[in-house]
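This report covers the domain layout of a protein chain and the surroundings of its ligand.

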Amino acid sequence: MRTITIKPNAISHNLGQVKKMAPHSKVLAMVKSNAYGHGVAAVLPALQQGKQQADGIGVATLSEAIEARQLGWDKTIGLIEGAFTLNEWLQAIEYDISCVIHHQPQLQWALDNIAPIDSATRVVWLKYNTGMNRLGFDAEGVIAAAKRLHEAGYQLILTTHFANADDSAHPLNAMQIQRFSDVLSTLQETISSDIKGSLCNSAGIVNFPEHHYDWVRPGIILYGSSPVIDKNAQELDLHPAMEFSAQVIALQTVHTDHAIGYGSRWTAQRDTKTALVSIGYGDGYPRVVSDETYVTVIDNTDTESRRYRCAVLGRVAMDMIVIDVSTVPEDSALNSKVILWGDAPHVDEVAAHAGTISYELLCRLSARPKRLQI
Ligand SMILES: *Cc1c(COP(=O)(O)O)cnc(C)c1O
């Protein structure tokens, strides 16, 4: 059985870690791209129940925002790239969604169609390009836009996004922080002291505790991955919110000098006990992984289940992989559960072995695995 199991308790725990790190900021929990592949319907309850609650959620597209409203999320929804068309701006008003405004056309829609006074769309996240050079106004443009929006009755949150927050030593961080702080002060002094600020994604929350401002925008950290290069998830006390698993469906012995799978990429140096696991790139497991990649086989023939670290051998195919089960007792290997990522290996480790980041592995899971929730 190919299974993606989501653990809402882990998300609550990770949200608690964010709140500990940023006790004075509101939390806009990022749930774009189907909550980083976890499933937005599975994640929203964890963000609005229990001790730890998010103050709002962030999404990338209007359809994601509407989906969250339809799932019953009644607090702030921030649309991080804003409306793409005038019609989307009008729909944002209809669904009570707060938008980023990052360029002139969006500014014009907002000025020509002013959101009602009691609407969440009346709060605008005004995007300042401090060095990422994707979205946002320059310093002069952002000040001019802020003046016009303020005069039209909008409440403003100045926002920007880090390009290198995962690497605390990168020189662009200090420049982005300085530019942001300077413009926010200017807006507060010349337009309104009520103007708020939002700077930090997950990595910024960890690396720049002095610069959290009014709203932090955690994404990957909520799902239990490390957002920074110099600390792993365990060191940050984060719990993985997803377990991705499959099953051993056949056993074989591959003899010395025989090769496995497409491209015959892996050749046995000695007779090797192998297992076929029902998972592949058709499920979202990465096709290209290094020879250090491993999975955990859980032998649950005993009352006390034992865990074995097993290397992935050769090419990952669409529907299957082969692993080395030399250390797993023969009579208990068949049908065992195999963890592709979860507690061990952590998705961050698999991502490193696949030459990518956890974000990508999580987002590109396919519809084939069965989805469960604890
Ligand atoms: C995705 C995103 C975030 C969250 O980023 P993480 O690295 O996952 O914490 C924050 N802000 C904006 C604007 C984003 O697009």
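## Domain layout

The C-alpha centres of domain 1 and domain 2 are 38 Å apart. This is a predicted model, and the distance is computed from its atoms. Domain 1 spans residues 8–223 of the protein chain, and domain 2 spans 242–373.

Contact between the two domains involves eight residues of domain 1 and eight residues of domain 2.

## Ligand site

Around the ligand are M30, K32, Y36, I80, H161, N201, S202, R217, P218, G219, I220 and Y359. Sorted by class, this shell contains six nonpolar residues, four polar residues and two charged residues.

## Polar contacts and burial

In S202, a side-chain N or O atom is 2.5 Å from an oxygen atom of the ligand. In R217, a polar side-chain atom is 2.8 Å from a ligand nitrogen atom.

I220 contributes through its backbone: a polar atom there lies 2.8 Å from an oxygen atom of the ligand. The ligand on its own exposes 390 Å², and the protein buries 91% of that area.

Note on methods
Residues numbered from 1 in each chain as written. Predicted model: local features only at pLDDT ≥ 70, side-chain atom pairs only at ≥ 80, totals over all residues. Heavy atoms only, no water. Near = heavy atom within 4 Å. Polar contact = N/O pair within 3.5 Å; in protein donor to acceptor, adjacent residues only side chain to side chain. Areas by Shrake-Rupley, 256 points an atom, 1.4 Å probe, with all protein chains shown as cover. Nonpolar A, V, L, I, M, F, W, Y, C, P; charged D, E, K, R; others polar. Domains from an automatic or database assignment. Contact = heavy atoms within 4.5 Å.
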